[in-house]
Amino acid sequence: MMLPVNFKIVRAHLLSRKRQTIIAMLGVTFGIGMFILMMSFMKGMNDFFENIMLSVTPDIRIYNDYKTDYSFSVAQQYFGESPQSWIVIRHPRPKQITLNLKNAPGIISDLHKFNEIQVVSPLVSAQLLFNYGPVQLGIVVDGVDIREEDRLFGLSDKMNGGRPENLLTTNNGILLGYKLANKLNVNIGDMVTAITPSGVQSRFRVVGTYKFGISIMDEYKAYISLASMQQLLGKNRDYITDIRLKLKDMKNAAALASSLARKYRYKAEDWETVNASVKAGNLIRDTFTYVLSFTLLLIAGFGIYNIMNMVIMGKMKDIAILKAEGFAKKDIVQIFLSQSLCIGLVGAVAGLLLGFLLSYALSLVSWPEDEWIVIKHFPVNFNSLYYVVGLIFGLLTTALAGLLPALKASRVDPVAILRG
Amino acid sequence: MAQAVLTAEKLNKYFYDPAMIHVLHDVSLSVCEGEFVCIMGKSGCGKSTLLYLLSTLDTAYEGALYINGIRVTGLDENDLAHFRNKHIGFVFQFHFLLPEFTALENVMLPALKLGKLNPKEAEEYAIEKLRQMDMHEHARKLSGKLSGGQQQRVAIARALINDPKIIMADEPTGNLDSTNTAIIFNIFDQLVKEGNTIITVTHDHDFAAKSNRILEMADGQIKS
């Protein structure tokens with residue numbers, strides 16, 4: 001009972017019309033609850049997509065981006081150079097380009113000297129055709145140093161059967177995505193036949209299957225050893241098309257990529273550039289969530305505004321008495337604003353609880369069976385930041401919604417009311 | 001003659017809505033400590049308007065008003081609120097208690113607002129005031145559950161809680177039956193004997209007869 005007198009009045013007012021108070025609180029509760037649920041789910045979704053994206057994207061990829069220098073042409077030699085004549089060549093084609101990184105072993109050993117770089121995984125990639133009876137499946141096959149590849153993408157955690165190291169122990173071994181293995185109707189130990197675009201044919205023994213949870217990896221990709229691939233393409237042991245890097249801190253990727261590109265004069269792409277579309281998707285989802293939540297809270301705010309206005313209409317007499325007794329304008333504002341804030345605070349806290357319970361419940365719901373992405377439950381992110389934002393949002397809306405009626409109450413002319 | 005508690009100089013008041021009316025014409029008056037002044041007059045003569053000017057609730061007037069030696073004309077609204085809280089006690093025609101509170105809490109509120117007494121002292125003092133009104137047995141009841149006469153007695157206790165310099169009453173018996181009117185009469189009698197300064201507006205001649213001075217108003221002026 002040691003409350004300041006204004007808050008005694010606030011409490012009496014709130015308790016004397018419990019139903020109205022509770023309804024106003026529920027408005028805020030649902031607004032905040034939905035905000036929490038949507039943020040948690042959307043963020044969970046973003047995290048999920050980002051995880052998938054990162055599971056197949058190296059932090060930095062260095063490769064030879066074949067750009068041909070057209071400023072020089074055979075025609076020039078043929079016709080001779082003279083200032084009076086122009087040589088116009090339509091649709092020039094390169095005579096010969098090599099896709100590999102020159103001096104790849106040198107670059108690799110140089111990269112190993114960087115402190116920030118954790119994993120250096122060289123790659124030779126090619127599109128091979130796999131025969132399944134008369135059907136030919138075009139599959140991207142990566143020739144990799146499987147130990148480094150394992151460290152890059154954590155391949156051993158994603159194995160469905162067999163081990164990645166089997167590639168090293170088996171002559172002409174191959175790792176298939178589990179969907180591809182199903183499609184080709186092969187199991188571990190079976191043989192598959194692959195043909196290169198240039199017509200070279202080779203047989204591989206399936207030594208393992210893996211499951212990333214994304215179609216592009218599981219259905220259209222296979223791994224063989226670096227040496228097998230170089231052999232298949234008829235290249236020497238230095239022939240490397242890509243070098244993929246994993247950094248200690250992936251946030252440095254963009255900066256490091258550009259310095260590496262300058263150093264080796266090859267294209268170096270960081271994960272953020274490669275996955276700009278995923279980032280854009282995240283931004284769109286975030287914006288959408290904020291807009292929707294803001295609308296929900298706005299509606300709750302209007303509810304409070306209405307209820308407080310009604311309360312004040314019914315309390316004209318009381319306000320007049322309080323003023324006559326010596327309660328100043330600021331006391332009246334405090335009394336009625338505090339009521340809104342009380343409603344806001346209790347409603348928001350209840351909303352946070354509701355939001356938590358709903359998002360927890362959602363995280364237990366199983367995700368509908370899907371061919372493309374493998375996910376067991378709805379992804380939910382329980383980040384405490386959204387709870388803080390929700391609370392601030394809730395208090396801010398109720399404060400604004402309560403301020404106008406409170407100011408109106410403070411302007412009540414007691415004489416007009418008391419005289420009747 | 002004792003010292004003047006309230007002095008009004010040439011108060012002029014206009015109503016603008018719906019048409020401009022000059023309600024009070026150069027009203028000057030002075031009320032001394034311990035005096036019981038009745039303002040009487042026909043409906044519309046401006047007596048209630050005058051009371052609300054004197055009470056500082058209405059600030060839209062011309063002229064000057066001094067209460068307890070302080071010029072209250074021109075003070076800002078927050079200062080006036082504090083001034084009313086400390087120096088003026090109100091009794092209205094329609095009792096006007098806060099329905100969410102008990103009789104005791106209604107009486108205590110102005111004391112808590114003033115903050116001179118701690119809550120415990122304020123409660124004791126409020127009970128004492130209620131006992132004076134013979135209402136202490138109903139102290140814990142919600143004010144809405146009391147009868148009209150009882151409510152008016154609680155309202156008087158509330159007006160007294162901060163030991164105001166002046167008690168102002170707007171037809172305190174106007175809404176009561178004869179039995180309750182008699183009770184309120186006795187209370188006012190008692191208050192006058194205790195030396196309170198009272199200004200009241202009334203229609204009731206019996207009530208007015210108990211006062212030291214009757215101000216008869218007509219057409220916005222004091223006739224006598």
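Predicted model: local features only at pLDDT ≥ 70, side-chain atom pairs only at ≥ 80, totals over all residues.
Figure 1. Buried residues account for 39% of the 420 residues in chain A. Let's start with the overall build: the secondary structure of this chain comprises 16 helices and ten strands. Its radius of gyration is 34 Å, whereas the globule rule gives 22 Å for 420 residues, so chain A is more spread out than a compact globule. Along the principal axes, the C-alpha trace spans about 110 × 70 × 45 Å. Of the contacts in chain A between residues at least 6 apart in sequence, 79% link residues at least 24 apart.

**Figure 2. The two assigned domains of chain A.** Taken over C-alpha atoms, the centres of domain 1 and domain 2 of chain A are 52 Å apart.

**Figure 3. Helices H12 and H14 of chain A crossing each other.** Here you can follow H12 (residues 276-314) and H14 (residues 329-364), whose axes come within 11 Å and cross at roughly 140°. The crossing of H12(A) and H14(A) is right-handed. On the H12(A) side, look for A:Ile304, A:Met308 and A:Ile312; they meet A:Phe336, A:Gln339, A:Ser340 and A:Ile343 of H14(A). Sorted by class, this contact has five nonpolar residues, two polar ones and no charged ones.

**Figure 4. The contact between chain A and chain B.** Each chain has its share in this view: 22 residues come from chain A and 22 residues from chain B. On the side of chain A that touches chain B, the elements giving two or more residues are H1 (5-16), H13 (316-325), H14 and H16 (414-418). H13(A) supplies the largest share of that side, with six residues. By class, the residues on the chain A side are eleven nonpolar, four polar and seven charged.

Figure 5. Among the buried residues of H3(B) are B:Leu104, B:Glu105, B:Asn106, B:Met108, B:Leu112 and B:Lys113. Just after H3(B), B:Gly115 adopts a positive phi of about 75°.

**Figure 6. B:Lys86 in helix H2 of chain B.** This lysine is partly exposed, with 17 other C-beta atoms within 10 Å. Not counting residues up to four places away in sequence, B:Lys86 touches B:Leu114 and B:Asn162. For a sense of scale, the C-alpha atoms of B:Lys86 and B:Asn180 are separated by 28 Å, and the two residues are 94 residues apart along the chain.

**Figure 7. A:Gly143 in strand E3 of chain A.** Strand E3 covers residues 135-144. A:Gly143 is buried because 27 C-beta neighbours lie inside 10 Å, and 20 or more count as buried. Leaving aside neighbours within four places in sequence, A:Gly143 is in contact with A:Leu123 and A:Val124, and also with A:Ile224, A:Ser225, A:Leu226, A:Ser228, A:Met229 and A:Gln230. The C-alpha atoms of A:Gly143 and A:Val206, 63 residues apart along the chain, are 15 Å from each other.

Conventions:
Residues numbered from 1 in each chain as written. Chains lettered and ligands numbered in written order. Helix = DSSP H or I, 4+ residues; strand = E, 2+ residues; numbered from the N terminus. Rg over C-alpha atoms; globule rule 2.2 N^0.38 Å. Buried ≥ 20, exposed ≤ 12 C-beta atoms within 10 Å, placed from the backbone. Contact = placed C-beta atoms within 7 Å. Axes fitted to C-alpha atoms, helices over the stretch in contact; angles between N-to-C directions. Left-handed = near helix turned anticlockwise from the far one by under 90°. Nonpolar A, V, L, I, M, F, W, Y, C, P; charged D, E, K, R; others polar. Domains from an automatic or database assignment.
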